[in-house]
Amino acid sequence: MTVSHPDPRELTLPLRDLVRGLRQKTSTPRAMLAPALELLPGPLRDVIKNIAHIGRETEHGTRATRQPQMAVITRSAAALRGEAVAASDTAAAASYAIGILLDAVKARDLLVSETMLALCWHDAREQSFRAAGYLYALFDREPFGVAPGLLHSDPTLSDTERLTICIAVVLWLLSDHDDEGISEFELVKIAGWLAVDCLETCQAKWDDREQLQTMLIDTAGRI
């Protein structure tokens, strides 16, 4: 039987509520969860099909970096909407999210430079449309990749994969962080899926900073 997957834009609940619902079923056998998972759009299904195992993996990903303090995350999030923040805060927040997103695509050998991330914020902070400007800077400066002279086992990322991760970082920062019912680890994962979903729209609006900013804020509102 062919299953008809809904368009992601037809999902009326915030995506974090879908994660909450599945997390409540973590003790349910996978065979019983499978039919429900099959009704979800493909990219979202791929992200959360193993949600029952989140409790058994570290919510800081497989990297050594830990989640920054919530005050750092909330200050960085507010900065994308016009507030002042130290570059070290945005670098710490973005580094945390990028680490999770790189792990998700099995690019664990790639390194994240907080120095380059701080420069990304310097590029964006004086711009009228900060979220869009920050996305441009993240993509242009390439703050994650292969360190010169080091051997690595993971393949390098394509431009499309890099852009998707950069979009996800911005969507995560623009989302609502005042919710104790879901972890930042899970919010980053949701942002990663949404980045895949809105990639083509983002590319189509790339040369219009204002439209790109509006799209990013609207998309983040779905988390």
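Visitor: What do buried, exposed and partly exposed mean here?
Guide: Buried means under 20% relative accessible area, exposed means over 50%, and partly exposed lies in between (1.4 Å probe, protein chains only). K106 has a relative accessible area of 57%, so K106 is exposed. This is a predicted model: local features need pLDDT of at least 70, side-chain atom pairs count only at pLDDT 80 or more, and totals for chains, interfaces and linings use all residues. Residues are numbered from 1 along each chain as its sequence is written, and side-chain values use heavy atoms, with hydrogens and water left out.

Visitor: Where does K106 sit?
Guide: In the loop between α5 (87-104) and β1 (111-112). Helices (H or I, at least four residues) and strands (E, at least two) are DSSP runs, numbered from the N terminus.

Visitor: What is the phi of K106?
Guide: Start with the general idea. Most residues other than glycine have a negative phi. K106 has a positive one, near 60°. E142 is another non-glycine residue with a positive phi, about 50°. E142 lies in the loop between α7 (130-141) and β2 (144-145).

Visitor: How does the span of α5 compare with what its residues should give?
Guide: The expected span of a helix is 1.5 Å times one less than its number of residues. The 18 residues of α5 should span 26 Å, and its end C-alpha atoms are 26 Å apart, which agrees. The helix is mostly covered, with 15 of its 18 residues buried.

Visitor: How many salt bridges does a search of the whole structure find?
Guide: Side chains of opposite charge can pair when their charged atoms come close. The rule for a salt bridge is a side-chain nitrogen of Lys or Arg within 4 Å of a carboxyl oxygen of Asp or Glu. The search finds five. One of them joins D123 and R141, at 2.6 Å from N to O. D123 lies in helix α6 (residues 114-124) and R141 in helix α7, so this pair ties together parts 18 residues apart in sequence. D123 is partly exposed at 31%, and R141 is partly exposed at 30%.

Visitor: Which residues are linked in a network of salt bridges?
Guide: E142, D159 and R162. R162 meets E142 with the closest N and O atoms 3.7 Å apart. That pair links distant parts of the chain: R162 is in helix α8 (residues 159-174), and E142 is in the loop between α7 and β2, 20 residues apart. R162 also meets D159, at 3.2 Å. D159 and R162 both lie in α8, three residues apart, about one turn of the helix. R162 is buried at 8% relative accessibility, whereas E142 is partly exposed at 46%.

Visitor: How many aromatic pairs are there?
Guide: A pair of aromatic rings is described by the distance of the centres and the angle of the planes. Rings of Phe, Tyr and Trp (its six-membered ring) pair if their centres lie within 6.5 Å; planes under 30 degrees apart count as stacked, over 60 as edge-to-face and the rest as tilted. The count is four. Among them, Y96 and W172 have centres 5.9 Å apart and planes at 55°, so the pair is tilted. Y96 is in helix α5 and W172 in helix α8, 76 residues apart. Both are buried. F139 and W206 form an edge-to-face pair, 6.0 Å centre to centre with 80° between the planes.
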